Each structure stands twice: as C-alpha cells, then as structure tokens.
Amino acid sequence: MAEIVCVIGNKGGTGKTTMSHMLCHGLGLLGQRAVCVLTDTCREPLDPAGRRYLIADARSREALHKVTGKIRSLNAWMGVIDGGGNRTEADRNLYAMADLVLLPFRDSHEDIRTVIRDLEMFPRAYAIPSQWPSNAWQREAAEKTVDQFLSHFGDRILEPVTSISASKYLLQKTMPASLPSPLANASRGIARQVLDLLNISIRSEAETA
C-alpha cells in the first residue's frame, strides 16, 4: 500500500507547493514512484511531461477522495498532497489521512508563531524550515530564532531546505528539459528525510544527477 505525505500549514506563502514538488522530484531521483496531488483551488494543474513524478488534480472533495483511494491501492508508491494555505479545516482532514505531515515555515517571526500553533494542533507533524537563507550571517540569525522559539519542538524540526531560485522551474506549467544540479541535490535531501521518517529504504543505485 502506498504512503501519503501531506504538506500543510495554516499560513500561506511558506513554500508548501514548492516543497511538495521538490519532494516529489527528489523521490523520483531516488527511484521512488510518486504523485504530487494538487488541492489548492487557486492553482492550475501542471504538465507532467518531463517530470520524474505524476501530477493529480484533486481540487474538489470528491476528486481528493478518488485520488487518495487510487494512490492507496498502488504498491510502493507515494502520494504527496499540497494542502494550500489558510484552510484549517482542510488541514485537519488531510492530517487525519496522512502517514506523514510536513509543516514548512520560513525564518520570519510570523511564520514561526504560526508553525508553533500548527505543531500544537497536529502532534504527529514535523516542521521543516523552508526557503532558508544561504548567507552565513542570515542563516545563523535564523537558527538562533528557531532555537529561541521552537526549542520545545526540537525533535520535530527537520533539516532546513535552503532557498534555491531554480525551484521555480518545478512550478512552471511546462518544465525545462534539464534542471540545475543544486535543485536536484536539495530535492534529494528533502526526499531522504521523508523516506527516513517513513522507514523506507533508499535504492541508492537509482540515483541520478
């Protein structure tokens, strides 16, 4: 039976959609079959051509039920559901069906206040620093902020995902023929964290650049 990962969180603009596609791309690079599930009605489905993962449109309740049921019936697949923002009730429903829940947050005090609330609301969820600064000084400041406000949740904070401008290519309607190596490396890093949490072994021989 397939595993389902939900990328949710009450605040918009934290990188949930980017995180969902990077995770699916990384899973594909590691040889794991995955489908990225769209639930945000403000977005349009992307072209699956050239991607290492499938795209599913589940912007209605009926479509979500059908898509998740299909994913669950598949052997050794993984469904990654992009939950969208500012939808507390939808987040509750996705949390209930998920095997793993990710809560992306940026290094702003507003994001951190929101992710604290979400971590309290969803006790099985993990927070993942998203679009994290790459500049050494900014990164140090961000880490201090996390230590100050999120120390109580230390065992539920995953490794940061650095801001990569190339991630925008994954959100284009049609993807470029090739993607930069830094994007591939970052995507694999997210995928490895997720597979480790789900106790799924990585088929290292399937990795590609």
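Which residue stands opposite D57 in β3? The legends below take up this pairing and other close-ups of a predicted model.

**View 1. Strands β2 and β3 run parallel.** L38 is the residue that stands opposite D57 of β3. Strand β2 covers residues 33-38. Four bridges join β2 to β3.

**View 2. Six strands form an open sheet.** The order is β3-β2-β4-β1-β5-β6, and the pairing is parallel. β3 (54-57) and β6 (126-129) stand at the edges. Each has a single partner strand, so one side of each is left without a neighbour in the sheet. From one strand to the next, the twist averages 25 degrees.

**View 3. Helix α6 packs on the sheet.** This helix spans residues 181-197. Its contacts are with β1 (3-7), β4 (77-82), β5 (100-105) and β6. The directions of α6 and β5 make an angle of about 145 degrees.

**View 4. Helix α1 is mostly covered.** Of its 14 residues, 14 are buried. The helix runs through residues 16-29. At 1.5 Å a residue it should span 20 Å, and its end C-alpha atoms are 20 Å apart, which agrees. Just after α1, G31 takes a positive phi of about 85 degrees.

**View 5. Helices α4 and α5 cross at roughly 40 degrees.** α4 holds residues 109-121 and α5 residues 136-150. Their axes come within 11 Å. The crossing is right-handed. On α4, the contact is made by H109, I112, V115, I116 and L119. On α5, T145, F149 and L150 make the contact. Six of the contact residues are nonpolar, two are polar and none is charged.

Key. Residues are numbered from 1 along each chain as its sequence is written. This is a predicted model: local features need pLDDT of at least 70, side-chain atom pairs count only at pLDDT 80 or more; totals for chains, interfaces and linings use all residues. Side-chain values use heavy atoms; hydrogens and water are left out. Helices (H or I, at least four residues) and strands (E, at least two) are DSSP runs, numbered from the N terminus. The expected span of a helix is 1.5 Å times one less than its number of residues. Buried means under 20% relative accessible area, exposed over 50%, partly exposed in between (1.4 Å probe, protein chains only). Two strands pair if DSSP finds at least two bridges between them. Axes are lines fitted to C-alpha atoms, for helices over the stretch in contact, and angles run from 0 to 180 degrees between N-to-C directions. Contact means heavy atoms within 4.5 Å. A crossing is left-handed if the near helix is turned anticlockwise from the far one by less than a right angle, and right-handed if clockwise. Ala, Val, Leu, Ile, Met, Phe, Trp, Tyr, Cys and Pro count as nonpolar, Asp, Glu, Lys and Arg as charged, and the others, Gly among them, as polar.
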